[in-house]
Structure formats: C-alpha cells, structure tokens
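User: Hi! Could you walk me through a few side chains in this one?
Analyst: Happy to, just pick a spot.

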Amino acid sequence: CLMLTNSENGRDSHVRLLSRDEIIVEEKIRQLSQEFSASYRQSEVDPEESKKWLNPYAIENIAIFASYLSVGFGLYFIQAPLQYYMVNDLNSSPAQQSVVMGLLQLPFALKLFCGFLSDSTPIYGKRRKPYFLIGWLIYVVCNIILAILVTPTIAELAVLIFFAGMGFIQADVCTDAMIVERSKKFESIATRGILQANGYIIRFFGSIVGAAFGAILYNQDSWGWGLPIWGIFLFNGFFPLFVITPFYYFLVETVVEEPLGVWVQLKLIWALVQRRAVWRPCAFIFIYNMCILTNPALNSFLVDGLGFSNFDIGLLVLSGTVFAYVAIVVYRKFLFEMSWHTLYIGSTAISALFNIFLLVLVLGVNERIGMGAIQYEILLAMGAFGVIQFIVGIQFLPACRMFIGMCPEGTEGASYAMLTTLSNIAGTLAYSLAGVCADAFQVTTDNLTNHDYSGMWRLTVLCGCVQFTGLLFLPLLPRQIKEQIEMQENDISSPFAGAVFIGVMGSCLLFIFIYTGITVSS
C-alpha cells in the first residue's frame with residue numbers, strides 16, 4: 001500500500017490511500033473508457049504499422065490465421081464421423097451422444113481459465129506463443145491416442161474428446177488474444193472488428209474443407225472404401241501439425257509487458273463485469289443463446305429413423321459450414337453497419353421458418369406429397385441445418401466486435417475469453433437442457449428405430465419456439481457500435497449486477513458439470 005508517514009511525538013501514523021493492485025485496476029478501466037473516444041483512437045493509429053500488423057498474409061501473422069484454419073477444420077472434420085460412429089457402431093442413446101457432443105463443446109465454456117493462464121504466467125517472457133504451441137500439442141496427442149485405441153468406447157471418446165478440446169481451446173484463446181491485441185492497437189473505431197472478421201472467414205473456410213473431408217473419408221460401410229474411425233482421428237491430429245508448424249517460428253507477439261498477476265486480473269474482471277456497458281449486452285447474449293435449443297436427437301432420427309449414411313450426415317455438416325461461411329462474408333461485405341437489433345430479429349425469424357423443414361421430415365409430410373425419396377429428405381435436412389448455421393454465423397461477428405472493445409489492456413486473453421465464454425456456456429447449457437427435454441419426451445433410440453416420432457415432433461416444435469423468447473431481452477443490447485461507445489463513455493457500475501453476472505456463470509458451469517457427470521456415469 002501507499003502510505004503517508006508522520007513521525008510526530010515519536011510515533012508513526014499511516015494513512016492508506018490505494019493499493020498498487022487497485023491503482024492498476026483503476027488505470028486499466030480509465031484507459032478502456034478513454035479508448036472509446038474516436039479522436040483518441042484515431043490519433044493512435046499509425047497507417048504504416050497498421051498495414052503490417054493487420055495483413056493476414058504478413059509472415060508475423062500467418063501462424064495466427066493458419067491456427068484459425070486448423071480450428072475450423074478440426075471442429076467440423078470430426079463431427080459427421082463421430083456422430084455416425086456413435087450411432088452406428090456404438091449404438092449410443094441420444095443422451096449419451098449429447099454428453100459426448102457436450103464434452104466436445106464444454107472446453108469452450110472453460111476458456112476463461114485458459115485466458116488467465118496465458119495472461120498471468122509467461123514462459124520465457126512470452127504470454128501467447130508457448131501456450132499456443134502447448135495447446136496444439138495436447139490436441140494432437142489426444143487424437144493419436146484415440147487412433148491407437150482403434151475402436152474407442154463411449155467413455156474413452158468422452159474423456160479424450162474433452163482433453164483434446166481443452167488443448168484446442170488453449171491454442172484458440174491465444175489466437176484470439178493476439179487478434180484482440182492487434183485490433184486494439186492498430187484498428188480505428190470505424191474499422192474495429194475487420195481483422196477478427198478476416199480471421200473467422202478463414203476459420204469458416206477451414207470448416208468447409210473439414211466438413212467435406214469428414215463426409216467423404218468415412219464411408220467404408222456405404223462405399224466400400226475410406227478411412228476407419230482410427231484413421232479419422234489420426235488425420236485430425238496431424239492436420240494442424242502440417243498447417244501451423246512451418247509458420248510458428250515467425251509468429252510475433254505485439255504486446256510485451258510485465259504480466260498482471262491473477263489477483264489483479266480477477267479484480268480487473270470484477271470491475272469490468274460491474275459496468276452497465278458490459279453486463280447489459282452480455283446478459284442478452286447469454287439469454288438469447290440459452291434459448292437456442294439444438295435438437296439432440298436429430299442425428300439418431302436421421303440415421304436410425306430415415307436411414308442416412310455418414311456421407312448424408314456429412315452433407316448436412318458441409319451445408320452448415322458453407323452457409324456459415326457465406327454468412328460471415330455477407331456480414332463483412334454488406335451488413336457491417338446494420339443495426340444489431342434488426343439483425344437479431346430478422347435472423348431469428350428466418351431460423352424459425354426453416355425449422356419447419358425438419359418438422360416436415362418428422363411428421364412425414366414430404367412422403368404424403370411425393371417427396372419421400374432420400375434426395376428430398378437430404379435437401380430438406382440441409383435446408384433446416386444450413387440456415388440455422390447461417391443465422392449463427394451472421395450473429396457471431398457483431399458480438400465479437402462488441403467484445404473486442406470491452407477488453408482492458410494486459411488481460412486480453414482472460415477478458416475476451418470470459419466474454420465469449422458466455423455464449424459458449426449458454427450453448428452448452430441449452431444442449432444439456434435439450435437433452436433433458438429429449439428424455440422427458442421419451443425420444444429414445446428404440447423409439448426412433450421403430451419410427452415412433454410422437455416425442456420427436458414435440459421436441460422439434462419446442463426447440464423451434466423457445467428461441468423467440470430471447471428477443472424479449474433485446475433492449476439490453478446496443479443498436480450498433482456507436483451506441484456501445486456512448487454507453488462506455490458515460491458508464492456506471494453496479495456491484496449487484498456484477499455479482500449476478502459471476503453467479504450465473506458459476507451456476508451454469510456447475511449444472512453442466514453435474515449433468516454431464518450423471519449422464520456419463522449412467
């Protein structure tokens with residue numbers, strides 16, 4: 001602490017002003033508000049430096065975007081083979097599938113801890129580059145172990161998929177942090193988010209490549225050729241090695257400073273979540289994503305009920321990635337300045353409309369109108385799944401633009417991870433809730449195999465309708481980045497709101513862990 005000392009009468013009297021940690025926190029928050037002055041930020045941008053650091057193809061940056069490519073590939077290459085393997089080879093129930101797919105997504109809800117580690121504990125003076133490498137190595141090793149197991153059980157899948165995901169997320173957190181550091185230092189207010197958009201365009205392109213390979217390479221049962229499941233895991237593990245390794249040496253961190261301690265970071269994040277300009281939009285993002293219930297029985301319905309092959313499932317994943325990629329490009333090119341309110345209302349309505357395609361399949365309406373052939377069923381499923389991914393993609397970048405501006409300097413990894421974790425936790429929670437609903441409606445593998453869809457159509461209707469409730473909280477979200485700037489510049493804090501924010505995150509994580517543990521053990 002800073003002290004005032006008085007030696008009068010031989011005694012020392014001490015008056016506490018502010019601790020060093022409190023001074024750092026106050027200064028970082030003050031800087032954050034100041035950064036939202038357009039004139040201040042505009043004077044900070046050096047055009048020549050910006051051109052270098054914002055170029056995805058500069059040698060210092062290629063590893064970042066190679067990582068985004070690998071992230072996109074890894075997320076979608078494994079999806080169709082994994083889902084088909086669980087249904088066709090392991091005969092797993094929808095609840096078991098939801099656990100494995102939930103564990104695949106759970107590391108996204110734990111990004112905050114990876115961010116703390118990267119921000120506060122440098123290795124040889126580096127906060128991003130070493131953890132970036134460690135994360136990818138963990139991912140590679142876990143995939144190799146799955147390949148060595150040849151035909152992993154559902155329990156082995158669950159454990160190794162989770163740890164592979166944790167390594168994957170550690171690398172992704174470092175990638176995001178380096179993007180945020182570059183964006184805050186070299187992008188003006190008007191262009192903030194463009195670098196991130198470029199990164200996600202590359203990421204979603206990787207998703208298309210991964211989905212295409214996943215659909216083609218795992219088809220031994222249908223085509224008589226292709227990779228077995230162990231070959232899929234091996235391919236998945238080696239892809240980032242070949243893509244990232246050549247550029248890793250040249251990767252440069254733009255911010256080199258004395259790292260903040262974990263305690264200071266916690267105080268800084270506590271100060272951050274109390275701000276109205278943070279907790280209000282974050283509350284909307286969380287509630288809205290929690291209301292997007294993904295039908296956990298969809299894969300079982302398509303495979304056991306309609307007889308879809310892995311290639312057919314792969315086509316759905318591929319269509320989803322293509323739609324998501326188009327969404328990112330469309331937003332970047334045409335909708336960058338659109339009101340976020342308009343974007344959410346329009347996209348939600350479109351998503352609900354195309355969810356009817358899935359209901360048509362479940363109720364067998366397509367058969368009654370002469371569209372019962374497998375190609376029509378695939379087209380209807382692709383329409384429903386693809387448009388949902390388009391909507392998710394087009395809503396994703398506005399949130400990222402908003403989050404970038406909320407991150408205090410020196411804690412980009414933890415703060416950005418925490419903010420993006422909100423939607424990830426909400427999505428994982430929504431998937432767990434959908435699994436509970438599937439059990440309540442008795443949507444089981446046996447019922448679907450016997451073409452008993454009485455519970456399936458109710459679950460489909462529920463998932464389609466619940467998403468509208470998220471729009472009731474739209475007033476919490478700023479209309480555009482200009483309104484966000486105004487909120488940041490004239491901000492007030494609420495310890496109660498901050499406590500609710502932290503409490504909700506902790507409670508949701510606890511629920512996810514308990515539900516996942518119970519389902520795995522059963």
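User: Which residues do ring pairs link into a cluster with F73?
Analyst: Ring pairs join F73 with F77, F213, F235 and F239 in a cluster. Do keep in mind that this is a predicted model.

User: Noted! How many aromatic pairs does the structure hold?
Analyst: There are 20 aromatic pairs in the structure. One of them is F73 with F77, a stacked pair with 5.0 Å from centre to centre and 15 degrees between the planes.

User: Why are F73 and F77 separated by about one helical turn?
Analyst: Because they are four residues apart in helix 4, which covers residues 62-77.

User: And are F73 and F77 buried or exposed?
Analyst: Both F73 and F77 are buried.

User: New topic: where is R182?
Analyst: R182 belongs to helix 9, residues 154-186.

User: What is the nearest side chain of opposite charge to R182?
Analyst: That would be E181, 5.2 Å away. R182 has no salt bridge, although it is buried.

User: Which side chain has a polar contact with R182, then?
Analyst: The side chain of N61 does, at 2.9 Å. Beyond its sequence neighbours up to four places away, R182 also touches other residues, including W53, L54, I64 and V252.

User: Last one: what does K129 lie over?
Analyst: K129 lies over the face of Y248, 5.1 Å from the ring centre. The charged end of K129 also sits over the ring of Y249, at 5.9 Å from the centre of that ring.

Terms used
Residues numbered from 1 in each chain as written. Predicted model: local features only at pLDDT ≥ 70, side-chain atom pairs only at ≥ 80, totals over all residues. Heavy atoms only, no water. Helix = DSSP H or I, 4+ residues; strand = E, 2+ residues; numbered from the N terminus. Buried < 20%, exposed > 50% of the residue type's maximum accessible area, 1.4 Å probe, protein only. Lys, Arg positive; Asp, Glu negative; His and termini not counted. Salt bridge = Lys/Arg side-chain N within 4 Å of Asp/Glu carboxyl O. Polar contact = N/O pair within 3.5 Å; in protein donor to acceptor, adjacent residues only side chain to side chain. Contact = heavy atoms within 4.5 Å. Phe/Tyr/Trp six-rings, centres within 6.5 Å; stacked < 30°, edge-to-face > 60°. Lys NZ or Arg CZ within 6 Å of the ring centre and 35° of its normal.
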